[in-house]
Amino acid sequence: MNILLSSYSGSPYKGSEDAVGWNWITTLSKKLPNDTVYFVTRTFNKEDLDKGLKEFQIKNVKAIYVDVPNALDWYREKYKPFHYMQYMIWLQVVYRWAKKSKIKFDIVHHITMGNFRITGSINKLDAVSIFGPVGGGQTTPSSLKCYYNKKSRFEKIRDIANDLVPKMPSYKRSLRRFDKVFAVNEETKQIMEKSAGIKVVRLPEIAINKDLVMLDVEPRHNETIEIIYLGRLLELKGLTLLIDVIKEVKSDKSFHFSLYGSGELEEELKRKIKEYAIEDIVCVPGEIDYTQIADVYKNADIFVHPTFRDSGGAVFVEAMAYKLPIVALNQSLSRELNDNKCGLFVETNQAKEEIIQEFAQKLKTLIENEELRLELGENGYNYANGFLTLDKKFDIIYGDIIG
């Protein structure tokens, strides 16, 4: 059997969508050792992929590198809005390669980018076609859009695209050509089902890394409760909201926030922390090396992730693997985590000040209640190890196809 994986990103040495692409390489290689997987991606990923395939001795995966003209790459780097146009063209290059290859594919599966608005053309091939899991249907809560500065115009354009694209006849036809469609969250699922009148299965794209499966995690009994954030310091991640929240957290129990990462907001966050005179309870240490992340999780008590509209987030799974309870806005993947009692989640259909106060109260609750921290952390640990596994995703997506 020949399987085509279309993946804009893929690397064994990076996170986010790079990790998603690589995870499907390792999963299909293990589950289908006698079949051939063609992993079609960009030349940008070649160094990492070639090294990874050799290092992990993956024999039945062939990496295929296809690109758009170099001039389009230049525009993509210089003009951010052109990124998606370049990506759409890249998907057509993938389709043309598949046609010209003369390979009889049995399954074609688009993985990344995980953007529901852009479907590509591999579903035109004579093969079982799979789309996703993809996201993008989630939007920033209206009362929190005031936190955008540089991204304000982009968010408006994105909201317009989310409204217009599903109404396009060409989009509806393309979605209907797929045999199986998966969405990472309920928001995206509802948009695609309404658009094309098809069944869409909700399935988080993230999965627990094999190195994090069933970790032996000791309970924490820290005198000062350590609350961590790991990720990029961007407007989208809701970190300016988080600083406003931290200012409102009052407790007799000692606590401290560490916001790890780098990005455009780093200096603004430090300025705001100083302005609020909360330097004694929150710090921005900068980006940490991947090899140090395990120690950060082991020494933490609570994981906070105030993102406005992420589809998923590998850091959620990492935090749950270390039995950390999560505090976040109740949207996208957080809805799944809320249903499985993996933390405390803040409702977003309310005014900004109400969100801030609820967020602060939920943090205070966990800071002061060790028993609840341990209980929610254990729930997240069990959910990540029981459901958010690559084997589980393989069974859901491929089980009825391969018999």
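Helices (H or I, at least four residues) and strands (E, at least two) are taken as DSSP runs and numbered from the N terminus. The model is predicted, so local features need pLDDT of at least 70 and side-chain atom pairs count only at pLDDT 80 or more, while totals for chains, interfaces and linings use all residues. Residues are numbered from 1 along each chain as its sequence is written, and side-chain values use heavy atoms, with hydrogens and water left out.

The largest share, three residues, comes from α7. Lining residues have an atom within 4 Å of a point. They are Gly137, Thr139, Asn162, Asp163, Pro166, Lys167, Lys172, Ile191, Lys194 and Ser195. By class, two are nonpolar, four polar and four charged. Here Ala, Val, Leu, Ile, Met, Phe, Trp, Tyr, Cys and Pro count as nonpolar, Asp, Glu, Lys and Arg as charged, and the others, Gly among them, as polar.

Two packed helices are described by the angle between their axes and the distance between the axes. Axes are lines fitted to C-alpha atoms, for helices over the stretch in contact, and angles run from 0 to 180 degrees between N-to-C directions. The axes of α13 (residues 352-368) and α14 (residues 370-386) come within 5 Å and cross at roughly 100 degrees. The two helices are therefore roughly perpendicular (65 to 115 degrees; under 35 is roughly parallel, over 145 roughly antiparallel, the rest oblique). Thr365, Leu366, Ile367 and Glu368 of α13 make the contact with Glu370, Leu372, Arg373 and Leu376 of α14 (heavy atoms within 4.5 Å). Four of these contact residues are nonpolar, one is polar and three are charged.

Lysine 352 also lies in α13. This lysine is partly exposed, with a relative accessible area of 28%; buried means under 20%, exposed over 50%, and partly exposed in between (1.4 Å probe, protein chains only). Beyond its neighbours within four places in sequence, lysine 352 contacts Ser143, Leu144, Cys146 and Tyr147. Lysine 352 and lysine 172 are 180 residues apart in sequence and 36 Å apart in space, C-alpha to C-alpha.

Helix α8 (residues 239-248) has eight of its 10 residues buried, so it is largely enclosed by the rest of the structure. Those buried residues are Leu239, Thr240, Leu241, Leu242, Ile243, Asp244, Val245 and Ile246. Threonine 41, in strand β2 (residues 36-41), is buried at 0% relative accessible area.

The peptide bond from threonine 112 to methionine 113 is cis, with omega near 0 degrees. Methionine 113 sits in the loop between β4 (107-112) and β5 (128-134). Glycine 132 and proline 133 are likewise joined by a cis peptide bond, with omega about 10 degrees. Proline 133 is in strand β5. Alanine 277 has a positive phi, near 60 degrees. It lies in the loop between α9 (266-275) and β10 (282-286) and is exposed, at 53% relative accessible area. Lysine 341 has a positive phi of about 55 degrees. This lysine lies in the loop between α12 (333-339) and β13 (343-346) and counts as exposed, at 53% relative accessibility.

Conventions: 1 Å grid on protein atoms, 1.4 Å probe; cavity = no way out; pocket = protein on both sides within 12 Å on 5 of 7 lines; lining within 4 Å.
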